[in-house]
Amino acid sequence: MAPVYDYLCSEGHSTESRQGYGVIAIPCQCGSEASRQSVYRQIQVGVVPTPRHEQRHSLKLFQEASQERDYAYSKIEREVGHSIEAPNLYRQGVARSKVIKAGKAPPVKGTA
Ligand SMILES: [Zn+2]
């Protein structure tokens, strides 16, 4: 049995029709010619990118950011004359990855 194809005319009318593979155009009910649409078109538009807050990140970028942060903290500590307790970003990152892996990650603020 021949497959059902979608045909679209220049006026925007969409028609489903069972035709042989060689039939790339059929007459539309409005009188103009309707051409067969690609059967892959829905796959092509169906690609969903990985949510930004679940993408992999480079370890090198993390190390660079950590070093910048350590430098900023030590600079402030010199200015105020005593040590400041910094949050442990590595521990926070590990905890965050566990939440994401468990599928319980809340939406990131500003991305919804
Ligand atoms: Zn038409």
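**The sheet, strand by strand**

Mentor: Pro 27 stands opposite Glu 33 in E4, and Ala 25 stands opposite Ser 35 in that strand. Strands here are DSSP runs (E, at least two residues; helices are H or I, at least four), numbered from the N terminus. This is a predicted model, in which local features need pLDDT of at least 70 and side-chain atom pairs count only at pLDDT 80 or more, while totals for chains, interfaces and linings use all residues. Residues are numbered from 1 along each chain as its sequence is written.

The two contacts above belong to the pairing of strand E3 (residues 25-27) with E4, which is antiparallel over 3 bridges; two strands pair if DSSP finds at least two bridges between them. The hairpin of E3 and E4 has 5 residues between the strands, and Gly 31 takes a positive phi near 105° there.

E4 (residues 33-36) also pairs with strand E1 (residues 4-9), in the antiparallel sense and over 3 bridges. Ser 35 in E4 is the bridge partner of Leu 8, and Ser 35 also has Ala 25 opposite.

The open sheet has 4 strands in the order E2-E1-E4-E3, with antiparallel pairing. Strand E2 (14-18) and E3 stand at the edges with a single partner strand each, so one side of each is left without a neighbour in the sheet. From one strand to the next, the twist averages 35°, where axes are lines fitted to C-alpha atoms (for helices over the stretch in contact) and angles run from 0 to 180 degrees between N-to-C directions.
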